[in-house]
Amino acid sequence: MLEGRERQLLTAKSSPAPANAATFATLREIEGRLKSIKNIEKITNTMKIVASTRLTRAQKAMDESRVYGKTSNTVFEQAETKPLEDKKVLLVIASSDKGLCGGIHSGLSKAARRILAKNPNADVAILGEKAKASLSRAVPENIVLSFANVCKDIPTFADAQAIADQIALLPEDYASVRIVYNSFVNAQSYEPVSIEAYSEEAITQSANISSYEVDDEVLTGLREYALANNLFWAMAEGHACEISARRNAMENASKNAGEMINKFQILYNRQRQATITGELVEIITGATASADM
């Protein structure tokens, strides 16, 4: 929108102004636009600084959650646990409620739709309003549970446990809970991935579960703990990705605003100089005319 307005102002500059009033109006308009862009730059630069400060804490929490998540999932990898084929899968989309962070939420929604294209009967639980807004239009019939006001700050295991408790109350006996989240690659990139939290029956039927000598009464607790642990991992890593993406988005916005400020400053200076030159020409012309008389 700003660039289109800039072209209009440049066009107005190239054509001769009919009167000084119009010229001064154009100058005031450019000055107002310049002030507006400078205010936007201040806001985006402040948001970038805040995101940079929060990113260190978010990465620390992400690293801690990775340790718990990977350790927990090692048991199921070595036991060769697999989801049951004759039951439905619950897809949990770990998003959030906040925007101004690039395409991180839309990328997660696209990954979820790709998975649902292969598993059209899967149920969906959504963490956060951003992914819900997108998936509610695409697959409203698959959504069975949603959560708002999640990941407003660094996620905790208690938050993940509360969500896991609500998932456990769903009437369907799922083969597994597949959590889709944004994996932190580095400060500039992330990618949607998924992890599995298996049902109690699937854990029981694991090929090598007997080597762990797990009592039957412990299996329920193991399944609930693994689900909460994976949710904690996904939420913490997704939160770090969101903060990093917001920092990058605000940095790019500040850079673009700075470039537009330079363009409008040059435009303002040229227009002001043209106005001064026009007034000087009128004064000299008037003075010459008076001398001739």
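H105 lies in helix α3, which spans residues 104–118, where helices (H or I, at least four residues) and strands (E, at least two) are DSSP runs numbered from the N terminus. The model is a predicted one, in which local features need pLDDT of at least 70 and side-chain atom pairs count only at pLDDT 80 or more, whereas totals for chains, interfaces and linings use all residues. Residues are numbered from 1 along each chain as its sequence is written, and side-chain values use heavy atoms, with hydrogens and water left out.

With a relative accessible area of 10%, H105 is buried, a term that means under 20% relative accessible area, with exposed meaning over 50% and partly exposed in between (1.4 Å probe, protein chains only). Leaving aside residues up to four places away in sequence, H105 touches S95, S96, K98, K130 and E242, a contact being heavy atoms within 4.5 Å. N182 stands 77 residues from H105 in sequence, while their C-alpha atoms are 8.9 Å apart in space.

Elsewhere, I276 is placed in helix α7, residues 216–292, and counts as partly exposed because its relative accessibility is 32%.

For the chain as a whole, seven helices and five strands are found, and their order along the sequence follows the pattern α-α-β-α-β-α-β-α-β-β-α-α. Of the 293 residues in the chain, 39% are buried. Among contacts between residues at least 6 apart in sequence, 78% join residues at least 24 apart.
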